[in-house]
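User: I am new to this structure. Can you show me how to read a few of its features?

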Amino acid sequence: DVAIVPSAMPNALKLKIDNTLVKNAQNAIKKYGPAVDQLMNTAPQARNTFNQLFTVYINKKIVAGDLNNLASGFMDFVETRPMTEKMKAKISEHLNNNKDAIVGAFTIWIAMYNLKMSVVNQLNKAAEVSPVKGYLQDGTETHEGFVSNGLKFVDRMGFSRQNLAGR
């Protein structure tokens with residue numbers, strides 16, 4: 001069987017972008033952007049491999065349902081990752097030399113997360129009248145996410161959390 005579902009909202013939606021959240025994101029990028037660039041550009045590992053440390057860590061925090069203390073828990077997380085002792089020492093030194101950048105990376109991530117979630121919440125509300133329904137395993141009605149202008153808007157603590165936990 002094949003289901004054809006609508007690809008557009010059934011009603012015209014007027015999103016309200018929270019200017020305070022936009023400012024928070026802009027300020028975080030302005031304050032920490034150069035330090036985060038330095039952290040990423042001087043990593044002692046291939047860039048994609050180094051970036052994966054952050055991705056895997058965030059995903060683990062999402063599955064745990066806890067986005068608190070991201071920066072402080074990151075160093076402990078890195079220590080548990082499988083890698084050679086030589087590489088672990090290099091990465092630990094690099095991270096210790098760039099602690100402000102680690103704080104900055106997670107500050108920027110949370111600011112962007114909060115901004116996107118304000119949009120996701122509005123999209124979820126508008127989608128309540130859609131004939132297409134989605135549900136989490138616990139029965140919560142929600143949608144996997146939305147795409148607009150090339151951007152994905154997904155509730156990381158809803159659908160993503162369930163999806164990642166199932167892996």
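User: Why does Asn124 count as buried?

Analyst: This is a predicted model. The cut-off for buried is under 20% relative accessible area. Asn124 has 17% relative accessibility, so Asn124 counts as buried. Asn124 sits in helix H5. Leaving out residues up to four places away in sequence, Asn124 touches Thr142, His143 and Phe146.

User: Which residues are buried in H1?

Analyst: Start with the general idea. An α-helix has 3.6 residues a turn, so residues three or four places apart point the same way. In H1, the buried residues are Leu21, Ala25, Ala28, Tyr32, Gly33, Val36, Leu39 and Met40. Their cover includes helix H2 (47-64), helix H4 (85-97) and helix H5 (99-127).

User: What about the shape of H1, and where does its kink lie?

Analyst: H1 covers residues 19-41 and has 23 residues. From first C-alpha to last, H1 reaches 31 Å, close to the expected 33 Å. The kink, of about 55 degrees, lies at Tyr32, shortly before the proline Pro34. At the N-terminal end, Asp18 caps H1. A side-chain oxygen of Asp18 lies 2.9 Å from the backbone nitrogen of Thr20.

User: How many residues does the largest nonpolar core have?

Analyst: In soluble globular proteins, nonpolar side chains tend to be buried together. Here the largest nonpolar core has 37 residues. Leu39, Phe50 and Phe106 are among those with the most contacts inside it. H1, H2, helix H3 (70-80), H4 and H5 each supply at least two residues of this core. H5 gives the most, with 13 residues.

User: What does Leu39 touch?

Analyst: Beyond residues up to four places away in sequence, the contacts of Leu39 include Phe50, Phe54, Leu95 and Ile102.

Note on methods
Residues are numbered from 1 along each chain as its sequence is written. This is a predicted model: local features need pLDDT of at least 70, side-chain atom pairs count only at pLDDT 80 or more; totals for chains, interfaces and linings use all residues. Side-chain values use heavy atoms; hydrogens and water are left out. Helices (H or I, at least four residues) and strands (E, at least two) are DSSP runs, numbered from the N terminus. The expected span of a helix is 1.5 Å times one less than its number of residues. The bend at a residue is the angle between axes fitted to the seven residues ending there and the seven starting there. Buried means under 20% relative accessible area, exposed over 50%, partly exposed in between (1.4 Å probe, protein chains only). Contact means heavy atoms within 4.5 Å. A polar contact is a pair of N or O atoms within 3.5 Å; within protein, one must be able to donate a hydrogen and the other to accept it, and residues adjacent in sequence count only if both atoms are side-chain atoms. A nonpolar core is a set of buried Ala, Val, Leu, Ile, Met, Phe, Trp, Tyr and Cys residues joined through side-chain atoms within 4.5 Å.
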